[in-house]
Amino acid sequence: MRPCLPWLLGCLLSINSLAAEVSGLMQASLAVTDNQPGWQEQGSGILRYEEDGLHLQQALVKIDHHLASGWQMELVANLHEDGEQQLGLTQAQLLYKPLSADKVKFRARAGFFYPQMSLENPDTGWLSPYNYTQSAINSWIGEELRIAGLELGLYSPGRQRRSPWSWELYGGVFRGNDTLGTLLSWRGWAMHDRQSLHNDRINFAHYGQPFDTYRNALPAWTEPFKELDGRNGYYAGLHLDYYQTVSVRYYFYDNNADPLAVNEQRLYGWDTRFHSLAASWQLNERNRLISQWVTGDTLMGDNKVYVEFDAWFVLLSHAVEKHRFSARFDRFRTRGDDVWPWDQNHQDGDAITLTWRYQWDESWQFGLEQHINSNRALNRATLGEAPDRDRQQTLALAQYRW
Amino acid sequence: MTYRICLTLLALFCPLSNAAQLDVSVVDDQGSPVKGAVVYLTSSSPLPAVKPGTMADMDQVKKQFKPHILVVQKGTQVRFPNSDSIQHHVYSFSPAKPFELQLYKDHHPDPLMFDQQGQVELGCNVHDWMLGYIMVVDTPYFAQANAQGLATFDVPPGRYTLHLRHPRIQDDPKSLDLPLLLDDHTAHTFSLQEPLLPGLDEFEEQTDEFSGYE
């Protein structure tokens, strides 16, 4: 946390007020939960809060700084009350989008950023304007996935070709993110809105303790953006839009990690690859349907852990005047098939999240959310817990945006 | 006596007799009205120049240009007020006015002078679906067709050339320039021969605030 602060301050001070836009958002929540410890407290729960009370749900600042024609810098810094790190960057990128009269145009970006594979979180700082608790898919992407690298893209806006169809094609290469898959394999899918900071460490339960000394030597935490093997990961994505009514995005991601690579912290490389297909459909002025499906696998060690995972959700959002109602159904699953039979990686679950948001004025928004999930994780047996778990969480939120 | 009455009547109606009315109708190859079509009159005689300091607005509202087509007389300054609370990066590659303009929230740049006639196509480098036009004409006599495809002028009588322009029209521009002698009340209908380019009005449709995000 400390090394990033002078840099962040330097960036802030160097910003020309004319060319920079600073925006921010803060959410305070009152949570009522069923008091089951979550992964951050090294429990096996999959929700963010284990105790009733007031929480700082979100606090972020976003800086957009125009540098020169076509050049833009974006920084997003977040403050969390929970987790191992409290202050840091969730995004820091330099974007290049030159003016072009061509029908097919070029753009690029470099830094620390999300690939644009999701359609659930278009709000400031990669937040969802629909539900507060993000889908299982985007909860996971927000905590384990970030691109520290370069993305090149070609795109063709339909309106400039007098066509209803627009397309974008992206390819990216990156370092880091070699531990991606650790959380999915051991903790499984979770549902929350805590995005990992650039220097973050994520805890999870000490699964497997009674059974194996080798497992006990592995840390019960991960640092999701570590580089372990010196190899590049890559991804490719295709966006297709029909007017602004329907958007479809397909991505293939492969961190290309060496599953035998291990560092002095005993963090292993997890060779993780997956497909993501997301769609958003503006049904009419008031209703929007969003869906995403992810399927992939991850391998650690000499087939010590091999897990196949998949998840999907469907979200329907209805806006009327200052109200927005959003309902989402999630289903998620992991399957282990490896040489450690005692390390069970099977998880199944589904969840319903219902959210009401009221936009009081330009700055203030208030909301309520009810979330329930039912999930089964076989490795809870290693903690002496029953594998099946039903959970619910009620949130009342106040949000201030500037 | 009769002579005096005639003189009095002539004097009374003199202002009217100095204005000629022109009604223009614009229909496409299917006979449907072409809303927003730009019609204007030029003359070999000098026409009144634009008043110094004349301003027009090309706004940005809900990530669209408003109006879609703005017609101004050569020498007009155009403001880009940005009614959105987000950044825009407006640009043009058109020979009549190549430019780029960063529009930030709560910051209004100086207006731009449009001093060459022609069609200026506008885009936004942040929101790629935004499309707008500024039509710069060298005459004070211009109008845009309404929803019925009709445009009306009141101009001094004389010899003019009537022009029709619109970004979607594919007809040969020469067939859209028509010499006219205007003295009283004249009507003309442009019937286009070629089909219009696609309008793609759905890009302008109001959806929700999360439409078209990146």
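Q: Is His371(A) buried or exposed?
A: In this predicted model, His371(A) is buried, with a relative accessible area of 0%.

Q: In which strand does His371(A) lie?
A: His371(A) belongs to strand β17 of chain A, which covers residues 364-377.

Q: With which side chain does the side chain of His371(A) make a polar contact?
A: That partner is the side chain of Asn373(A), at 3.0 Å. Beyond its neighbours within four places in sequence, His371(A) is also in contact with several residues, including Leu47(A), Thr133(A), Met191(A) and Arg391(A).

Q: Turning to the two chains, what area is buried between chain A and chain B?
A: About 3,400 Å² is buried there, and carbon and sulfur atoms give 51% of that area. Chain A brings 36 residues to the contact, and chain B brings 36 residues.

Q: Which residues in chain A lose the most area to chain B?
A: They are Arg159(A), Arg162(A) and Gln244(A), which together account for 29% of what that side buries.

Q: How many salt bridges are found across the interface of chain A and chain B?
A: One salt bridge is found across that interface. The side chains of Lys97(A) and Asp128(B) meet in a salt bridge at 3.1 Å, N to O. The interface also has 13 residue pairs in polar contact.

Q: A change of topic: what is the order of the three strands in the open sheet of chain B?
A: The order is β14-β1-β17, with mixed pairing. The edge strands are β14 (150-155) and β17 (185-191) of chain B, each pairing on one side only.

Q: How many bridges join β1 to β17(B)?
A: Seven bridges join these parallel strands of chain B. Gln21(B) stands opposite His185(B) in β17(B).

Methods: Residues numbered from 1 in each chain as written. Chains lettered and ligands numbered in written order. Predicted model: local features only at pLDDT ≥ 70, side-chain atom pairs only at ≥ 80, totals over all residues. Heavy atoms only, no water. Pairing = 2+ DSSP bridges. Helix = DSSP H or I, 4+ residues; strand = E, 2+ residues; numbered from the N terminus. Buried < 20%, exposed > 50% of the residue type's maximum accessible area, 1.4 Å probe, protein only. Polar contact = N/O pair within 3.5 Å; in protein donor to acceptor, adjacent residues only side chain to side chain. Contact = heavy atoms within 4.5 Å. Buried area = accessible area lost by both parts, 1.4 Å probe. Salt bridge = Lys/Arg side-chain N within 4 Å of Asp/Glu carboxyl O.
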